[in-house]
Amino acid sequence: PRRALYGRSRGKTLRAHHAGLVKERLPQLEIDPQAIGSVGALFPFAPSEIWLEIGFGGAEHLLAQAKARRDIGFIGCEPFINGVAKALAGIEENRLDNVRLRAGDAGALIAGLPDGCLSRIFLLYPDPWPKRRQNKRRLISDQMVRELARVARRGARVRLATDIDDYAGWTLRRFL
């Protein structure tokens with residue numbers, strides 16, 4: 001069963017340049033979860049590793065990593081179109097050919113990835129959904145951990161950052 005996606009997908013109206021990037025550039029860089037064959041084939045070169053960032057926000061971390069490690073293929077997943085537009089602007093500005101995007105639900109992307117293809121997975125400050133009745137909205141669940149384990153290669157690293165104690169405990173319990 002498909003998990004519902006919670007939260008905003010749109011913010012303020014995009015400026016003309018960002019709207020143009022979403023219209024023209026996103027279709028060239030976006031990954032279709034149903035059409036993933038080899039993740040290495042998504043890039044114009046043979047990446048040494050594939051790293052995934054789930055919920056990249058304004059793409060600061062994603063772009064910095066991609067600039068520093070041009071030999072690695074990066075996949076960024078973000079449902080908030082304003083963040084995707086910022087990522088596209090950074091990709092254009094830095095002439096990055098090692099970044100591919102998914103503008104939408106990370107669950108659909110992860111379900112389409114082949115087994116053992118990721119070396120690193122970043123979950124940086126995901127929405128904590130702090131109220132008990134909202135726990136079902138959290139990205140990390142037993143099912144998501146199983147899916148992440150499936151797509152992670154042996155020795156892969158998952159990096160989680162949160163400033164919410166309850167969410168840190170919730171996540172660690174599921175990973176352990």
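Strand β3 (residues 99-102) is covered on both faces in this predicted model. Val 99 and Leu 101 are buried on one side, and Arg 100 and Arg 102 are buried on the other. β3 runs parallel to β2 (residues 73-77), and four bridges join the two strands. Arg 102 in β3 has Cys 77 opposite. Between β2 and β3 the chain passes through helix α4 (residues 81-94), and this β-α-β crossover is right-handed.

The protein has seven helices and five strands. From the N terminus, the order of elements is α-α-β-α-β-α-β-α-β-α-β-α. The five strands form an open sheet with parallel pairing, in the order β3-β2-β1-β4-β5. β3 and β5 (152-161) are at the edges with a single partner strand each, so one side of each has no neighbour in the sheet. On average, neighbouring strands are turned by 15° against each other, with direction ignored.

β1 and β2 are also paired in the parallel sense, over five bridges. Here Cys 77 in β2 is the bridge partner of Ile 54. Helix α3 (residues 60-68) packs on the sheet and touches β1, β2, β3 and β4. The direction of α3 makes about 175° with that of β2.

| Strand pair | Bridges |
|---|---|
| β2 and β3 | four bridges |
| β1 and β2 | five bridges |

The largest nonpolar core has 26 residues. The members that touch the most others are Leu 52, Ile 54, Ile 75, Ile 110, Leu 113, Leu 118 and Ile 140. At least two residues of this core come from each of β1 (50-54), β2, α5 (106-112), β4 (118-124), α6 (142-151) and α7 (165-175). Helix α6 supplies the largest share, four residues. Apart from neighbours within four places in sequence, Ile 110 contacts Leu 52, Ile 54, Met 144, Glu 147, Leu 148, Arg 150 and Val 151.

Some totals describe the whole chain. Of its 176 residues, 43% count as buried. The accessible surface of the protein is about 9700 Å², and carbon and sulfur atoms account for 49% of that surface. Among contacts between residues at least 6 apart in sequence, 81% join residues at least 24 apart.

Terms used:
Residues numbered from 1 in each chain as written. Predicted model: local features only at pLDDT ≥ 70, side-chain atom pairs only at ≥ 80, totals over all residues. Heavy atoms only, no water. Buried < 20%, exposed > 50% of the residue type's maximum accessible area, 1.4 Å probe, protein only. Contact = heavy atoms within 4.5 Å. Areas by Shrake-Rupley, 256 points an atom, 1.4 Å probe, with all protein chains shown as cover. Pairing = 2+ DSSP bridges. Right-handed = clockwise from strand over helix to strand, strands pointing away. Core = buried A, V, L, I, M, F, W, Y, C linked by side-chain atoms within 4.5 Å. Axes fitted to C-alpha atoms, helices over the stretch in contact; angles between N-to-C directions.
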